[in-house]
Amino acid sequence: MAGACPVTLSIAVANAGGMGANGALVDPPAKIREWVGQFRAASKGPLQLNLWIPDPPALRDADNEKRLRQFLAAWGPEVPESAGDVKPPDFSDQCDTFVDLAPRVVSSIMGLYPAPLIERFKAKGIAWFATATTLTEAKQAQAAGADAIVAQGFEAGGHRGAFDHAAAERQTIGLFALVPRLADHIDVPVIAAGGIGNGRGIAAALTLGASAVSIGTAFLRCPEAQTHQAWANALDNLEPEETMPTRALTGRLARGVATAYVKAAASADAPRPAPYPVQRGLTAAMKAAGAAANDMHRMQLWAGQAAAMAKPIAAGVLVREMWEDAKELL
């Protein structure tokens, strides 16, 4: 999850036998280099760097943005007209940095890397893991040269990986329906992601045809994750139905804790969310104010349906515990 993957967590996971990962969406090249340098200074384990595949520039709607600013003013500071003008780091510069740093793996979400870039990755011996939410997407990724497919179930926390963002609400396949479907119809390894937080989930995913698993939310209460205390506390015994998919925080569909703001934004009389990254810019002040006040209801609390499995224990201990339990079951 971009913004929730401090290097301390990846170092602990990699040193325990897993793979470290950095969601670099909002990081300029200098910050990516700093993160990788810190990781490599403390771990000899494998490393993955991830990016979103960018959409065309967002279509702006001034009238709707005005309604959104008025709506958001009830939840935090007044939102200036310029708040929606946020621009992400340059995608090409980030990709050039990936090639130069040569991690073991680069991964993608919400589409496919351009063909010339894929060739550059392969020339450097960098494996490409492509996130897919349907068999059609997985086949497209395999044809484009993906070395593995990350099967993202609808249980997963954070943003949905649908190639067509407008189709994300329709592509709501659960992980344990998606994994065997992909395993039966593609030739590259499948990595299961979404709703896995213990050894039973790992064993089940591997039994259904996955070659590995990717786990996110289950690590958010580990001390190395440095998760804001209000966010970490919200995950304690969080029921699956207390999470929900929403566009109200960033403009892209993502699963998080069903806070008061998220539920209010889903009401019939609420203004529709602006596209990404406009919505992310509009909600930034509210989220910052919520974090400063330890008010979870105004924060961005990504969480998958297995959030209750997250434990406040060392990340390395959690990795080994989950894998030992999975091996015993297998």
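## Spaces and a sheet

The lining of the largest cavity has, by class, 8 nonpolar residues, 1 polar residue and no charged residues, where Ala, Val, Leu, Ile, Met, Phe, Trp, Tyr, Cys and Pro count as nonpolar, Asp, Glu, Lys and Arg as charged, and the others, Gly among them, as polar. This is a predicted model, in which local features need pLDDT of at least 70 and side-chain atom pairs count only at pLDDT 80 or more, while totals for chains, interfaces and linings use all residues. Residues are numbered from 1 along each chain as its sequence is written, and side-chain values use heavy atoms, with hydrogens and water left out.

On a 1 Å grid over the protein atoms alone, a cavity is a set of points where a 1.4 Å probe fits but cannot get out, a pocket is an open set with protein on both sides within 12 Å along at least five of seven lines, and lining residues have an atom within 4 Å of a point.

| Space | Volume | Lining by class |
|---|---|---|
| Largest cavity | about 40 Å³ | 8 nonpolar, 1 polar, no charged |
| Second largest pocket | about 510 Å³ | 15 nonpolar, 2 polar, 5 charged |

Among the residues that line the largest cavity are Leu68, Phe71 and Tyr261, and helix 3 (62-73) and helix 10 (260-265) each supply at least two residues of this lining. Of the 22 residues lining the second largest pocket, Pro54, Asp55, Pro88, Tyr276 and Pro277 lie nearest its centre.

Elsewhere, 3 strands form an open antiparallel sheet in the order 6-10-9, and its edge strands are strand 6 (158-159) and strand 9 (243-246).

Notes. Two strands pair if DSSP finds at least two bridges between them. Helices (H or I, at least four residues) and strands (E, at least two) are DSSP runs, numbered from the N terminus. Grid points are joined across faces, edges and corners, and a volume is the space filled by probe spheres set on the points.
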